Amino acid sequence: MISGRLPQLAWRNLWRNPRRTFITMAAIAFGYVMLLFVACLMAGLRWQMIQNGTCLIMSQIQVHAPGYYPSRSIKKTLGGRQGTDVSAMLAAISADRRVYAATPRVYGYGLLSAAHRSAGVELMGVAPDQEPKVTILNSQIAKGSYLSARMPKGVVIGDKLASTIGIDVGSEIVLLTQAADGSMGNDVYTVVGIFHSGLDAVDRGLVLMSLSSLQDLLHLAPARIHEVGIKLNDITAATTVAAALDLQLDKTLPVQAMAWPELAPELANYVEFNRAITFVLFFIFFLLAVLGIMNTMLMAVFERTRELGMLMALGMRPVQVIVLILTEAAGLAVASLVVGGALGVPVLWYLQEHGLDLGGASGGVISLAGVVVGRLWYGRQDFPAYGEAALGLAATALVSALYPAWRAAHFRPTEAIRKV
Amino acid sequence: MVLAEWAVELKEVRKTYRTGPIDVPALRGVSLQIAAGEFAAVAGPSGSGKTTLLNIIGGLDRADAGEVWVAGQNLQLLSSGELAHLRLQRIGFVFQTYNLLPVLSALENAEFTLLLQGVPAHKRREKVEKLFSEVGLAGLEDRRPAELSGGQQQRVAVARAMVTEPALILADEPTANLDSATAIALLDVMEHLNRVTGTTFIFSTHDPQVMERAHRFIRLRDGQITSDETRDRQAAGVAAKGDAV
């Protein structure tokens, strides 16, 4: 066989017309850089959305009593009316090495009143010392401070709620709610902090308070919580860990452990949509590349008609002619990918380190699918996608060369040799 | 019954080309036997059918009618793949315009058919270098075709045709693009190889000095053989190849 010499011959053939080869290579290499750029930004967007979507309030995994989600009835606490040993449960969850932190939560709905105005709000009771390990609302405080054990009657509210009601840090508010036992719960609290999350629904409707305060307001015993929020060391393991926790915890207590894709299906759908968009962009580029590479290879074949005819006259079989042309296309693709990859490295580094500033375009923070993206759009390295782009381009080059190769293999030597 | 001692035997071979609505007969019932080791020239004016005849003998084209026997095989019965194999293993070609691969060196061009045959690199190099010294190309192995004269390029083409030790070499007007002195030098090389190896040479030409060198001289006109002469020099010049067809 001629396999050993074939790549050498193919490579030399490519450089017969250096300008044409260079232009085609530049186009493919530039296209590859664009694919890397798109893949990196899309992966960054997915990552930012998942991170921001899960770390603001929701957490990556939530453990509830079966049937609590999504109706969120305040009566459906973990362990039922008796509740559960919260510390033991948190310890059991934290025993899993994949778990970074776990925190208990209680939820309720009520009416917030201050002076002359009132608004319906969602009440979220958290452990002030544990919650910041799982979510980041504590870092979004625009004014005042976060919850602390020193001020059990302190609450933190969103900036839009504060301006709607006309209150500020230090203001007293009254929270009125229906307690778990059916009675009315109400109490006076002091606003200790005002946050700005960037999400309108959160900034306008969430009241954060200490776990014990909300349990008191809802007439829930300290052993009764609605949820454990969990953060993992690796978010990509969320579904697996949720399934494992579900099995493990269910041995002692009926629970339902849910990972973020289940808790925020719109976010999960967006992530899938984002992936699909990435591949659509890849596909569009591959189609364009087919035309470019096919044109180059057709030109390369037709201007060598006589020579290919001579090779066939000498005894080169059609399949060897096809392999020769495909090898030339593969050489073109590989060289282009090497150049494109080299050019892409600084681009990818820049996207990851500095990101794209969306401030100018959006006028500030933007949100997608109910999730804050942030002002800076950072890239994230997505090596599988880079590999897929490279393989896709290489496959595109080979597919593009199939027709020229097939044409070349069907030259009739007697006619081809006569071509000038 | 076809006798195997003929390197080439044609029986009533006909070939017609269709150019639009017009049929152009290229060969009209050509019958011919060429013995192993012959150094034969096919001459005739343009359009007489010389190239068609060589193409049909070389399995590059198929006859419309008649029988074509080369290397003991009826080419009419062979598939395209079998014809390609026959060309690679048993037939060497020398073209009027050399047809060397411009991206390969002289040595790489000459060894290309060996490459197609799957001969290992060291054997290829050994064979080509030996042949290059016989045809006067020693020292030019690494030059690209563009760096060689026309005569040198045609010698590379002859070496490429000879290197596989074929039973038959077909040369279509091999001296047409060469000046007289270079053409004579090339004929010397071809005749030397014919004498030393016993390889059968058939070449087309309309160059009188080439015709004179042929040991057998076949004249074609309008697709028919009008004369077929064997000259005295054949007896002295041709050594039949032992394993020739």
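**Reading a predicted two-chain model**

Modeller: B:His215 sits in the loop of chain B between α8 (208–213) and β9 (216–221); helices (H or I, at least four residues) and strands (E, at least two) are DSSP runs, numbered from the N terminus. This is a predicted model, where local features need pLDDT of at least 70 and side-chain atom pairs count only at pLDDT 80 or more, while totals for chains, interfaces and linings use all residues. Residues are numbered from 1 along each chain as its sequence is written, chains are lettered from A and ligands numbered from 1 in the order written, and side-chain values use heavy atoms, with hydrogens and water left out.

Biologist: Is B:His215 buried or exposed?

Modeller: Buried means under 20% relative accessible area, exposed over 50%, partly exposed in between (1.4 Å probe, protein chains only). B:His215 is buried, at 0%.

Biologist: Which side chain makes a polar contact with the side chain of B:His215?

Modeller: A polar contact is a pair of N or O atoms within 3.5 Å; within protein, one must be able to donate a hydrogen and the other to accept it, and residues adjacent in sequence count only if both atoms are side-chain atoms. For B:His215 the partner is the side chain of B:Glu191, at 3.0 Å.

Biologist: Why is helix α10 of chain A described as largely enclosed?

Modeller: Nine of the 10 residues in α10 (305–314) of chain A are buried, so the rest of the structure largely encloses this helix. The buried residues include A:Leu308, A:Met310 and A:Leu311. A:Gly315 follows the helix and has a positive phi, near 125°.

Biologist: How is the size of an interface given?

Modeller: Often as the accessible area lost when the parts come together. Here buried area is that loss (1.4 Å probe), summed over both parts. Between chain B and chain A it is about 2200 Å², with 62% from carbon and sulfur atoms. In chain B, B:Val103, B:Leu115 and B:Leu116 lose the most area to chain A, together 24% of what that side buries.

Biologist: How many salt bridges does the rule find across this interface?

Modeller: A salt bridge is a side-chain nitrogen of Lys or Arg within 4 Å of a carboxyl oxygen of Asp or Glu. The rule finds two between chain B and chain A. A:Arg412 and B:Asp61 form a salt bridge through their side chains (3.5 Å, N to O).

Biologist: How many residues has the largest nonpolar core?

Modeller: A nonpolar core is a set of buried Ala, Val, Leu, Ile, Met, Phe, Trp, Tyr and Cys residues joined through side-chain atoms within 4.5 Å. The largest has 151 residues, and A:Val63 and A:Ile230 are among those with the most contacts inside it. Helix α2 (residues 18–58) of chain A gives the largest share of this core, 12 residues.

Definitions and conventions: Buried area = accessible area lost by both parts, 1.4 Å probe.
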